[in-house]
Amino acid sequence: MMLLFFACLLAVFPVVSMKSPIFGPQEVSRLEGGSASIKCYYPATSVNRHSRKYWCRQGAKGRCTTLISSEIYISKDYEGRANLTDFPENNSFVVDIGHLTQNDSGHYKCGVGIHNQGLFFDVRLEVSPGSAFLNGTQVYTTDIGRTVTINCPFSSENSMKKKSVCRKTHQDCVLVIDSSGYISPSYSNRAYIVIQDTSQLAFSLVINRLKISDAGTYVCQAGDHPSSDKSDFYLQVLEPEPQLAYGDLRGSVTFDCALGPEVANLPKFLCRQSKDKRCEVVVNTLGKRAQNFQGRILLTSEDNGFFHVHITGLRKEDAGRYLCGAHSDGEPQEDWPIQAWQLFVNEETMMPRSPSLVKGVVGGSVAVLCPYNPKDRNSLKRWCRWEETKTGGCLQLVNSEGLVPQQYKQYEGRLALYEEPGNGTYTVILNQLTPEDAGFYWCLTNGDARWWSTVELKIVEGEPNLKVPKNVTALLRETLKLPCHFPCKFYSYEKYWCKWGNKTCKALPSQDESPRQGSVSCDQKNQLISLSLNSVTKEDEGWYWCGVKDGLQFRETVAVHVEIKERGQGSKDVSQVNAGPGKEVIEPMSKDVSQVNAGPGKEVIEPRSKDVSQVNAGPGKEVIDPHVREIENKVIQDSSLFEKDRAVKNPGDSAGENKPPTDTGSSAGQGGSSKVLISTLVPLALVLALGALIVGAVRARHRRNVDRVSIRSYRTDISMSDFENSRDFGANDNMGASSVTQETSLEGKDEFMATTENAVEVEEPKKAKRSSKEEADMAYTAYLLQTNNMAADVQDGPREA
């Protein structure tokens, strides 16, 4: 079992090492006497930045002997000719080795860790005999596709003679070029001779776009006779050693390509080599782009043959070998200038996850989270739209300083960049979406380009979740209220209103913070959040956003434009009074008013309630303040007037004037009075019947006295405080039993008088003298008995009613 366990460990360790996040060059080739600079990358973690870096040489039995490390250790063999420099800000370290010898050839490891079996990358170093002279022959070493310049010396005797260069093949020397104009077809348009003035005893051979087949021995010659000057040189053409590019998964990488001024005007390209050595174009300046790099690759050209290729949203399949080049076809061609790159994608990345695809609906919005290096929190953040054009590019739309002026017309009120939620992330919000907004967008900063990212926006079918009025017009100095409806799924989200500006959308304060400014109130039951602006001004005009937030992250938004206009003449929130000439107009107390057109001869009375009717006063009429009517009503409601029962004559009354109509409430009140009278008159009738048997004359007089006493008891016992309005109880339904209240207009003024049916109250008749003492006693006894019974019934009557 133990052997099986160790076998499993041995099987696992090689896999771990192959997936090591340390990255460096696989092969390094140098000439003897030269130097080498080996650069190794490590993951951007705090542990790695502070850990030991080392360079060791592999020996027998897998042992790796340390030659140099970041802990100030250096072997004797490397003393004075090597050093190791750590660049934690770039997550890399460099090993520089000078005075190379062939003994330096071998297998090495660059790594991170406390021992030499930690994280590492295998490097093969090959040192070739590389003296500037090989067997007395000068050596020129150049990469494929580059340019080489060879100096050919001569004596003064041959300064005016023909100059030529030939290439040795076995025993012959094949002419390549001469000063008379001949050039070999294989060097056509690539080679030429440069002859300085006669004072310079040398000429130069220049060969462009070197090929592997150009390698070999050449002979320079000045003159044709046996005394001509000859010199040999050896040309070595090498495959370009790839430069290293290290990127994190979901991150970004940049290839800086330098091909030289000779190809400055040619189309540029970047291709990726496959296993069969074919190089497929990824992007070029003629508009070609590989499908799997759509929207996430960008080529920018500079002067003198320099250009940059940026790739964002790195995937693990992007790792491999790439070639920068230039050609009129925008395609790689043999023996044309190229620059090689080896891309490594670190899968153990610390790059935060952010969506590479967002979807929106027409009229809706999207909120894009853009990551950046937290160290670059003070750097300029940018958001641009990737252009699928021939020349390519990324059109900048907005940055930390606001909307780009050139894009103001198209994106006014629609686009804003927030530095929130911060700590390595900012947010870009785009609303009022249209089908034309679909495409790719890039999140950029002026800091670490490795954090650049790409997001694709797709427009799909659907309806926006948030809904507001499309366009709103408000009157100056009025109150504006904007509703924003949201679905139930946003019930627990934070809701807000903000006013869009060129730099950002500034959140509006709550009402208790600034009553003058906009305030926000929310009715959760109706899924409605409203914006209220009190006494709006011209400065309040513009775009307003309603949005929701989930914690610190912005979600959906919707925009509405508010236009502020001046109030027109005669426009008010309340109805105005149409007064005739010379009349005073009293403004109603309430906004919601209805108009009353007072007829001729009638006074205009303004009610006390909130819902006030407006009055069109006719000519010669005065508008009466409602408080005056209120006081008069209180006077009429005083019950003492009924106790006195005074008769008032109205000199201004005429027979033709209409009496005020009786309110329906008066009948209801008089119905109760009738019940009281019935309960009183029935027992009185029985008493009067007994009295009639005694004496007829006394009975009639006694009945009238009893009626008078009964009515006075009715008037006195029932207080007018039981009624709500004296006008409703004018006794019109019982004219013969009680006084009548009439409302009479005197000389154009409202006055209220209490009148009775008779102008003068009838005095109670005196008792007649009796003819005999017996008759008088009997009458008095009956009177007392009937009076007591009547008083008891009267007291019970109103309570029953």
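Residues are numbered from 1 along each chain as its sequence is written, and side-chain values use heavy atoms, with hydrogens and water left out. Because the model is predicted, local features need pLDDT of at least 70 and side-chain atom pairs count only at pLDDT 80 or more, while totals for chains, interfaces and linings use all residues.

**Stop 1: the core**

Select Trp-383, Leu-415, Tyr-418, Leu-430 and Trp-545. Of the 31 residues in the largest nonpolar core, these touch the most other members. A nonpolar core is a set of buried Ala, Val, Leu, Ile, Met, Phe, Trp, Tyr and Cys residues joined through side-chain atoms within 4.5 Å. Buried means under 20% relative accessible area, exposed means over 50%, and partly exposed lies in between (1.4 Å probe, protein chains only).

With neighbours within four places in sequence left aside, its contacts include Val-368, Cys-370, Leu-395, Leu-415, Val-428 and Trp-442. Contact means heavy atoms within 4.5 Å.

**Stop 2: an open sheet**

Select strands E19, E26, E25, E21 and E22. In that order, these five strands form an open sheet with mixed pairing. Strands (E, at least two residues) and helices (H or I, at least four) are DSSP runs, numbered from the N terminus. Two strands pair if DSSP finds at least two bridges between them. At the edges are E19 (243–248) and E22, each of which pairs on one side only. On average, neighbouring strands of this sheet are turned by 30° against each other, direction ignored. The axes behind this angle are lines fitted to C-alpha atoms, for helices over the stretch in contact, and angles run from 0 to 180 degrees between N-to-C directions.

Look next at E25 and E26, which pair in the antiparallel sense over six bridges. Tyr-322 stands opposite Trp-341 in E26.

**Stop 3: aromatic rings**

The structure holds 20 aromatic pairs. Rings of Phe, Tyr and Trp (its six-membered ring) pair if their centres lie within 6.5 Å; planes under 30 degrees apart count as stacked, over 60 as edge-to-face and the rest as tilted. The ring centres of Phe-255 and Tyr-322 are 5.4 Å apart and the planes are at 35°, so this pair is tilted. Phe-255 lies in strand E20 (residues 253–258) and Tyr-322 in strand E25, so the pair ties together parts that are 67 residues apart in sequence. Phe-255 is buried at 0% relative accessibility, and Tyr-322 is buried with a relative accessible area of 0%.

For a group of rings, select Phe-23, Tyr-41, Phe-121, Tyr-246 and Phe-344, which form one aromatic cluster.

**Stop 4: salt bridges**

The whole structure has 16 salt bridges. A salt bridge is a side-chain nitrogen of Lys or Arg within 4 Å of a carboxyl oxygen of Asp or Glu.

Select Lys-288 and Glu-331, whose salt bridge has its closest N and O atoms 3.3 Å apart. Lys-288 lies in the loop between strand E22 (279–284) and strand E23 (297–301), and Glu-331 in the loop between strand E25 (320–326) and strand E26 (338–346), so the pair ties together parts that are 43 residues apart in sequence.

Then select Lys-549 and Glu-420, a salt bridge with the closest N and O atoms 3.7 Å apart. Lys-549 is in strand E42 (residues 542–550) and Glu-420 in strand E32 (residues 415–421), so this pair ties together parts that are 129 residues apart in sequence. Lys-549 is buried at 13% relative accessible area, whereas Glu-420 is partly exposed at 36%.
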